[in-house]
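Please read the points below with the model open beside you, and take them one at a time.

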Amino acid sequence: MTHKIAVLAGDGIGPEIVEQALRVLHALGLSIQVEQALVGGAAYDEHGHPLPAQTLELAKSSHAILFGAVGDWKYDKLPREHRPEQAILGLRKALGLFANLRPAILYPELANASSLKPEVVAGLDILILRELTGDIYFGQPRGVRTAVDGSFIGEREGFDTMRYAETEIRRIAHLGFQTAKKRRSKLCSVDKANVLETSQFWRDIVIDVAKDYPEVELSHMYVDNAAMQLVRAPKEFDVIVTGNLFGDILSDEAAMLTGSIGMLPSASLNESGQGLYEPSHGSAPDIAGQGIANPLATMLSAAMMLRYSLNEDGAADRIESAVRQVLAQGLRTADIFEAGTTKVSTAQMGDAVLQALSKV
Ligand code: IPM
Ligand code: MN
């Protein structure tokens, strides 16, 4: 079967890192059909919208999407609906990509990159499962209005709505338990049930879903405590399941534990297994065009795409072991460079992974 992949490279370092990931994908000997389209600021410049209709159509009609990154300071002054970030939010919503898998893995070769003590993070392998299409990100109503009750009557107020439907909580909870079962069978559900109604409801539903998974050890944690525990003893966690906003924040924190956000892939999946795969880092406009960005997170995202959407586990394994090999060889892009290793460019890293791939 030919795998149809939409490639949306986006802004900043997006095009450079996606180019290297595509070299790797094409070297696997699979039947892959790639089609590229503009997204984010690049699409706004060309078509006046960060997610043009033709880009959305291409995404919808593909088995999977390989996404680079979107955003640049030069778009900060645009009205919200035209900002690059709307492209990724729009894709998530339009494709129903409700499940966001964000692994935080510490590669042994990069143990010194973390700002935490090596013994706290050595061997770290946790997975944040973030619900991606609900919560305060999408809840209505939202906006700015004149207050009609409370003590600020007549004043303008900004407001958003945090909400979760039962079905939304159930499906992410099920996925959380199933994912934990394939790992170390520990699931921690993170909420703010001591304050928020939405969170208390979330917790009640997760407890109910847990009845189907007696073999998984379930715990609950308030988000403020989870933020603390992640830096105190991150290895206590296996899978963390949480809502959109808390997941946004905690996944950045977890990524930073590894000290090398340039290494971390992510997957956003819908109910039919279609997925969007992107590096966890952003568009890094400050280093765009210099050929120094780390393409490994994008390559590892391509590996996740092969595993989760294209049913090509063997090819995914090959990419992952090729990446491990180049790290073992001491090759590093600037973001993970340290004394005693060899600094390479984005393209040289691509060359090295291709070389390693030919041997695995
Ligand atoms: C992320 C990003 C996005 C989010 C932004 C760019 C809308 O921070 O993917 O984590 O908040 O979800
Ligand atoms: Mn984020």
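Predicted model: local features only at pLDDT ≥ 70, side-chain atom pairs only at ≥ 80, totals over all residues.

1. Residues are numbered from 1 along each chain as its sequence is written, and chains are lettered from A and ligands numbered from 1 in the order in which they are written.

2. An unreviewed UniProt entry lists Arg92, Arg102, Arg130 and Asp224 under "binding site"; such annotations may be inferred rather than shown by experiment. They span 133 residues in sequence, and the farthest two C-alpha atoms are 26.4 Å apart, so they do not all gather at one spot.

3. Arg102 belongs to strand E4, residues 99–105 (strands are DSSP runs of at least two residues, helices H or I runs of at least four, numbered from the N terminus). Arg102 counts as buried, with 23 C-beta neighbours inside 10 Å, whereas Asp224, in helix H8, has 13 and counts as partly exposed (buried is 20 or more other C-beta atoms within 10 Å, exposed is 12 or fewer, partly exposed is in between, with C-beta atoms placed from the backbone).

4. The axes of helix H10 (residues 296–308) and helix H11 (residues 313–328) come within 7 Å and cross at roughly 160°, on a scale from 0 to 180 degrees between N-to-C directions. H10 and H11 are therefore roughly antiparallel (angles over 145 degrees; under 35 is roughly parallel, 65 to 115 roughly perpendicular and the rest oblique).
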